[in-house]
Number of protein chains: 2
Amino acid sequence: MTYAAAMTESGTGAFADPEYHAAVVDLLGAIGYGQLSAFERLAEDASTAPGLEDKVEIATMACRELAHLNRLRDRLSELGVDPFEAMAPFRAPIDAFHAHTAPRDWYESLVKAFVGDALAADFYREIAAFLDTGTRELIIDTLSDTGHAGFVVDRVRRAIEADPRLGGRLALWGRRLMGEALTQAQRVAADRDALSALLSGGVDRPGMDLAAVGRMFTRLTETHAQRMADLGLAS
Amino acid sequence: MTYAAAMTESGTGAFADPEYHAAVVDLLGAIGYGQLSAFERLAEDASTAPGLEDKVEIATMACRELAHLNRLRDRLSELGVDPFEAMAPFRAPIDAFHAHTAPRDWYESLVKAFVGDALAADFYREIAAFLDTGTRELIIDTLSDTGHAGFVVDRVRRAIEADPRLGGRLALWGRRLMGEALTQAQRVAADRDALSALLSGGVDRPGMDLAAVGRMFTRLTETHAQRMADLGLAS
């Protein structure tokens, strides 16, 4: 879809509002840098894989993240901005998230790949509910999971069976991933006015009051807990 | 194509010869591990990219290598072998090649991505000429270039313009890549009887005599020199 089509489709003429335009650019930039960064981390994790088959699985996850990025780049260009400039403001918080959650071994990598990326996807999908249809569909498409959940669940469950102490360490690891994600999300919200304004709504756009923000975090936490349980881990 | 179809298509019934079967498995295993390994090195190179756009370009090259691997895996399974077992014997020589040619900076990475992978592709294409049609076409398809030659040529030429001394260093680097590739290729030829036998031909299969091997190396060297010239480098 072209920019002009997106303008028309938004119905409310949302893109005519410079603040809405800026918020969408911010959101796509954040998701885009998140995917590029996920590619890099997963590719790095591939180098610690215990065998060639595991290596190929996680490398394939890395490449699906990168493939999603291409569609976001195109849309950002249609919106009249340089995709890489749109990503730049999110480099520091996303890099900080990864620096604070560097996996110490293969199993921490797997859990991070599974719950970390899914958590980010849930969060962006929540925000997408406040956007025009075109942008919302693009975001939902590019966040579709990397299709390797079965592989991760199988590997982690087998490893915990073989060494039950690993379950305790990985449960703590899952909590740390959640905590770091919230910390960096708050930092982004504080720094990026357009994004925060988007969440609070506008004259002709629905937004979230504090109670709604609370319900969103409840949903995110519950889904996270379910994923941890799928891995056989307490949350 | 199924294994049975490959048997029929080969016409000469080449796959009925266990030595031919072993040679094809070796060749696909070598190419497959080469692509997995290229993915890993290019992904690592992406982490040293000077900007986000360059990072995405080289990450995309990495993922095309990985995508090619999937077709080789399928064919190896059709040939009744575990693809990862087929790759295993080539891990040591290919890892050694990369260990001896670890790029010291972004430009060495670019030159290696461009001339190293192309050199390997030329070599495998030469060997493919001695194979049944099905295998030959698979190899040629999976070696199709990663489509980023223009990007590498542009970046390297601009960098040399800005700092002509870089041209001298990168020219030496290109020679080192060629030398290491030949060293490891000889090691593989010495270790893998089926592959060497494939090159010398069989009762109903053409092969290469020493003069033909010489002509092959001449062709490889000339193509390498042309690629170096495209980069603005002496060879």
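Okay, housekeeping. Residues are numbered from 1 along each chain as its sequence is written, and chains are lettered from A, ligands numbered from 1, in the order in which they are written. Since the model is predicted, local features need pLDDT of at least 70 and side-chain atom pairs count only at pLDDT 80 or more, while totals for chains, interfaces and linings use all residues.

So, how far do we trust it? The model scores ipTM 0.82 and pTM 0.85. On pLDDT, the predictor's confidence in each residue from 0 to 100, chain A averages 87, with 93% of the residues at 70 or above. Within chain A, helix α4 (residues 83-87) has the highest confidence, at 96, and helix α1 (residues 3-9) the lowest, at a mean of 46. Residues 1-12 of chain A sit below 50, and that stretch has 18 contacts in the model beyond near neighbours in sequence. A contact here means two C-beta atoms, placed from the backbone, within 7 Å. Where pLDDT is low, the predicted coordinates should not be read in detail.

Now the fold. Chain A has eleven helices and zero strands, going by DSSP runs numbered from the N terminus (helices are H or I, at least four residues; strands are E, at least two). The radius of gyration of chain A is 18 Å, close to the 18 Å that the globule rule gives for 235 residues, so the chain is as compact as a globular protein of that length. That radius is taken over C-alpha atoms, and the rule is 2.2 Å times the number of residues to the power 0.38. Along its principal axes, the C-alpha trace of chain A spans about 60 × 35 × 25 Å. Of its 235 residues, 38% are buried, meaning 20 or more other C-beta atoms lie within 10 Å of a residue's own; 12 or fewer is exposed, and in between is partly exposed.

Symmetry next. A rotation of 180° with 0.0 Å of shift along its axis puts chain B on chain A, RMSD 0.0 Å. That is the relation of a two-fold axis. The superposition is by least squares on C-alpha atoms of residues with pLDDT of at least 70 in both copies. In chain B, the residue that comes closest to the rotation axis is B:C63, at 2.8 Å (C-alpha).

Last stop, the inside. The largest nonpolar core has 116 residues, and A:A62 and B:A62 have the most contacts inside it. A core is a set of buried Ala, Val, Leu, Ile, Met, Phe, Trp, Tyr and Cys residues joined through C-beta atoms within 7 Å. Leaving out residues up to four places away in sequence, A:A62 touches A:F39, A:L42, A:A43 and A:A46. Over in chain B, B:M228 lies in helix α11 (residues 210-230) and is buried, with 22 other C-beta atoms within 10 Å. B:D117, in helix α6 (residues 106-128) of chain B, is buried too, with 20.
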